[in-house]
Amino acid sequence: MSVRPRRGPCIAKAKVVIKPTQCESKAKEADRPNCLNRQMNLRLVSFLSHCSSLKHIRQAHAFMVLTALQNDNVIFAHFIQACSSLGHSTYAYMVFNHKKPKPNIYLYNTMINALSPSLAISLYNNIFATGLRPDTYSVPCVLKAVIRLSAVDVGRQIHCQVIGTGLDSDVCVGTSLVRMYSFCECVLDARKVFDGMSMRDVALWNAMVTGYVKVADVDNAWKVFKRMPERDLISWTSVIAGFAKMKRPKEAVMVFRRMQLENMEPDEVTILAVISACAHLGSVVLGERIHNYMQKRGFSGKLHLNNALIDMYAKSGNIRKALDVFQSMKQRSVVTWTTMMSGLALHGLGRETIGMFSQMESALVKPNEVTFIAILSACSHAGLVEMGRWFFSNMASRYGIQLKVEHYGCMTDLLGRAGYLQEACELVKGMPFQTNAAIWGSLLAASNIHGDAELGEHALQQLMMLEPQNSGNYTLLSNIYAASGSWDESGMIRKVMRDTGVKKMPGGRCF
């Protein structure tokens, strides 16, 4: 009898299915609406970010009402931002005013940031009426509106409220107050806020530096800058731009070099300020270094920087280099053409300036009022009287440019230099503007060139009222009298200078 071998236990390879318990099923059913809500919220936020018209905004609003999503503060904030980006903040404001339940401070801040300055300030004041309190975001938002209106008295009221609510110790609020007072040119008030802050970050220090630069007090800006425990790109750029703006190019370049030694990389704004400083300094060598630095750092394609380079090279005496930059530019604006023409005019290249204007017209670039200042100046330096008359007469009718006092000044200078003194005087008499010192100065200079003592005396009388302490005007008239042999009159001018306390500038020749 044979014995069969015993088999091991038989294991079935069946698929195991675990059935959820009753509690787990109910939990999943409860999560399903939440998941759907999240998806719906995300889709609505995405739709709001892609809205391109008021029709889309209204569709989103209708959907929010139907789904009760307008009660969601985050969704409603996205709705306000979408309206604001399309220029329909008033629509958002209307919906905001009818929102129930009442908006919280987060929504108030969002709405304040989106509104026009006057409405923003009004809404900020409503915060207190609703029983809410402004927070550290509310104050910076409303102070932006104050800056845009230059409403320093309103800013002072908000400052008092800030102190009353205890927010004045917050560094963000303090920074906003310093900026507000600085932009309203109340730098002493800004400094009081700055000095009263126990905590200071780099943004607060920068606000104080920028405040001094704005009121042209670059020396105090430099003092604050030197005390800064930490500096960023804004700090350096503000000081460089301040020195350049005040026509103190040596200091601007000195700060830029110090910035490089501290391994701080400049941006376009910094480079622009340094180029401006080089233009005032008249240093071609330094300008070329900045130009080379621009090329290494990849700034060569920037339109506004190339415009500044053209101006810098022209003012530094290298008109050929200015033309090289101009010709290398792939993109040119009306500012580019005008800057190049102004440079050519500065170098007395009148016909080349007119030729450049013709090229500009061929490129279908519309000239502006500054373009014609460059054209008339070029005609003046080159003695192109007829061409200057033509441009002056056709500015409004042919080019749609309204004449300004600067254009009359250029035309007066053109006629005066060319010896058409009577025509220049008639032009000044017929001006629809009040004459300024530049125009009378041109007539005084023309009377000196052509020996017209009577016109010179009349021009000086006007200049004495406009700029009584300018010794150059007196010296010029004294020279006119001396050249014509009128020594008594020349001596009288010297006596008038002594009696009125006008000091002769060094180098001025007075017989």
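Helices are DSSP runs of H or I with at least four residues, strands are E runs of at least two, and both are numbered from the N terminus. The model shown is predicted, so that local features require a pLDDT of at least 70 and side-chain atom pairs count only at pLDDT 80 or more, whereas totals for chains, interfaces and linings use all residues. Residues are numbered from 1 along each chain as its sequence is written, and side-chain values use heavy atoms, with hydrogens and water left out.

**View A. Ser150 occupies the loop between α7 and α8.** Although Ser150 is a residue other than glycine, its phi is positive, with a value near 50 degrees. The loop that holds Ser150 runs between α7 (138-149) and α8. Ser150 is partly exposed at a relative accessible area of 48%, a class that lies between buried (under 20%) and exposed (over 50%), as computed with a 1.4 Å probe on protein chains only.

**View B. Asn263 has a positive phi in the loop between α14 and α15.** The phi of Asn263, which is not a glycine, is about 60 degrees, and the residue is found in the loop that joins α14 (249-261) to α15. Asn263 is exposed, its relative accessible area being 69%.

**View C. Trp222 and Phe243 form an aromatic pair.** Rings of Phe, Tyr and Trp (its six-membered ring) pair if their centres lie within 6.5 Å, and planes under 30 degrees apart count as stacked, over 60 as edge-to-face and the rest as tilted. The structure holds 18 aromatic pairs. One of them joins Trp222 to Phe243 in an edge-to-face arrangement, with 6.1 Å from centre to centre and 65 degrees between the planes. Because Trp222 belongs to helix α12 (residues 218-227) and Phe243 to helix α13 (residues 233-245), the pair ties together parts that are 21 residues apart in sequence. Trp222 is buried at a relative accessible area of 14%, and Phe243, at 2% relative accessibility, is also buried.

**View D. Phe392 and Tyr408 form an edge-to-face aromatic pair.** The ring centres of Phe392 and Tyr408 lie 5.3 Å apart, and their planes make an angle of 85 degrees. Phe392 is part of helix α22 (residues 385-399) and Tyr408 of helix α23 (residues 405-418), so this pair ties together parts that are 16 residues apart in sequence. Phe392 counts as buried, with a relative accessibility of 12%, as does Tyr408, with 10%. A separate cluster, linked through ring pairs, is made up of Phe357, Phe372, Trp390, Phe391 and Tyr399.

**View E. Helices α20 and α22 pack roughly parallel to each other.** Helix α20 (residues 350-362) packs on α22 at an angle of about 20 degrees, and the axes of the two helices are 14 Å apart. The axes are lines fitted to C-alpha atoms over the stretch in contact, and angles run from 0 to 180 degrees between N-to-C directions. The helices are therefore classed as roughly parallel, the term for angles under 35 degrees, while those over 145 are roughly antiparallel, those from 65 to 115 roughly perpendicular and the rest oblique.

**View F. Charged side chains lie over the rings of Phe76 and Phe225.** A charge sits over a ring if NZ of Lys or CZ of Arg is within 6 Å of the ring centre and within 35 degrees of the ring normal. Lys99 is placed over the face of Phe76, 5.7 Å from the ring centre, and the charged end of Arg231 sits over the ring of Phe225 at 4.4 Å from its centre.

View G. A salt bridge is a side-chain nitrogen of Lys or Arg within 4 Å of a carboxyl oxygen of Asp or Glu, and the structure holds 13 salt bridges. Arg156 is partly exposed at 31% relative accessibility. Glu268 lies in helix α15 (residues 268-281) and Lys302 in the loop between α16 (284-297) and α17 (303-315), so the pair ties together parts that are 34 residues apart in sequence. Both Glu268, at a relative accessible area of 24%, and Lys302, at 31%, are partly exposed.
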